[in-house]
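User: I'm new to reading protein structures, so please pick a single part and walk me through it slowly. After that, tell me how the rest of the chain looks around it.

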Amino acid sequence: FSLGKTVMKFNATWDILVPVKIDFAADITDLETWENYLMIAAGGTQGYYYMDTAETITQKSTASCTADHFRRIGSTLWKDILPNTASYSTDPISGTGSWSSPILIGNSWQNINDIQNYSELPYFMKENGIYYVASGATAASHPFASLETIADADAGKNSDIFRNCLYFRMGNQQEWEIDGADMTEITPATKAPGIAQYSYKCVARAHDESWRYVVMQRTTADHAILAGRWENLAGSNRWIWHEIVSDLTINNVSSALVSSVEGRPYLYLGGEGCLMRIYLPVTKDATADSGYRFRKSGSLYSPRYTTPLKRFDKKWQEIFSRSKNLTTACYVVANYSTNDGSTFTLLDELDTSPEKTLTYPVGVKATMMNLKLDFVSDSETVPPILTYYDVKGVTIVPSVVRFNHTIKCADNIRLKRNLKADDSYTASAIRTFLATIKDEVCTLGDRWGTEHTVKVRLSSEFGVFDEDPENPETNYTIEALKLAKSY
């Protein structure tokens, strides 16, 4: 590892970083292995260094031996010097380094930000796109020239190769994949289903044998980690991102690496003045549909649960879970959303294994439901494990029983004991009230005094001329469906 003018390594127990050399003449800009040496770049004004297996460090002093970035391709070492000069050597250690004649990489006003070995060719990641040098060529090619329209000072930094594809950033936050001659946008803001809050730049990339990881920066100290890959959904291949770590506090992440040198897989993040490691599942499946495993922290977003029925026909009842290791210190916080993930409401904590049921508050009605499960642990060795969960809802469907409820009234009539009705008993007042309860669920009593939950479907009005033609009696008939609950 490098930090500023220092090269570091882990100690024998893999828990402390110890310095190898702390007084380089300039900030280190890149590290790369070549043969049995570690090549150390220190910018275009300082000779680069090389370190052997005995950790003896030597600096090259000749003018041709400077570098901003290195990349080994077979037995050949490529380097660049900002803003746009590249060369290669098969013996960068001896003499003057045996470097080839300079090859210009695009214009001189936009920098090279990285070099990648893609298809055994050097690919130069510049601010305005990608360049490569074909075998034996003395000039660079510039495929995908359309990327120049989204040039950015940080474009191409920390690029990555995964399953024979090249991954990199362009513009302010766009992520791209190159697979041979094909280029596809895989920006998290558009490829994370139901999660709109990913409109931020990705500052670092890494991979293991199953997943690509990106570090997304929301603010200087607030980051999230996403895992992504191509997945087959309903017979169609789509790139999908999954959030595996949220609210990660580390300042200005600038690099990422996956390694198992400690005997277990870790994602290492290089930040401002620090190194952080994130435990990755031994199964190499960070987002499996069963056996969810998170160390310390992480969030799981569920698919959208929907119902084709109207809002008042669906009530959400409970969440049932099966789990391992859950306690008051190692638990899962359940949150729910009824607005497609725009906001989430706290439900409760899953803190009991092997099973627990959480009940929704009374009156949670919606045509859709999303869950956000936040994993919390005080230990890396005993994580909260969620093996299964299920959401239960109650669908209200009408039975075949119909109610016909008749209300009789007349304006300016005398009630029993010669009392006169007030304004709420008039025909117009009742007419207004009945209009407000149409298609609503309410309670009606039958002739025997039993109350029933019904849904008012329609009401009708007709006049009856009885003894007084001047003040006809008005009858209102309500037709309602008796409701029954079923799962």
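Analyst: **A close look at one loop**

Let's start with R163, which sits in the loop between strand 17 (160–162) and strand 18 (165–170). Strands here are DSSP runs of E with at least two residues, and helices are runs of H or I with at least four, numbered from the N terminus. Before we go on, keep in mind that this is a predicted model: local features need pLDDT of at least 70, side-chain atom pairs count only at pLDDT 80 or more, and totals for chains, interfaces and linings use all residues. Residues are numbered from 1 along each chain as its sequence is written, and side-chain values use heavy atoms, leaving out hydrogens and water.

Back to the loop. R163 isn't a glycine, yet it has a positive phi of about 50 degrees. N164 is also found between strand 17 and strand 18, and its phi is positive at about 65 degrees, although N164 is not a glycine either.

What about the surface? R163 counts as exposed because its relative accessible area is 52%, and N164 is exposed with 66%. The cut-offs are simple: buried is under 20% relative accessible area, exposed is over 50%, and partly exposed is in between, with a 1.4 Å probe and protein chains only.

S377 lies between strand 35 (368–376) and strand 36 (385–409), and S377 counts as buried because its relative accessibility is 9%. S377 and Y331 are 46 residues apart in sequence, but their C-alpha atoms are 6.6 Å apart in space.

The peptide bond from L82 to P83 is cis, with omega near 10 degrees, and P83 lies in the loop between strand 11 (76–81) and strand 12 (85–89). The bond from S353 to P354 is cis too, with omega near 5 degrees; you'll find P354 between strand 33 (345–350) and strand 34 (355–359).

Now zoom out. The chain has two helices and 39 strands, and buried residues make up 44% of its 487 residues. Take contacts (heavy atoms within 4.5 Å): among those between residues at least 6 apart in sequence, 53% join residues at least 24 apart.
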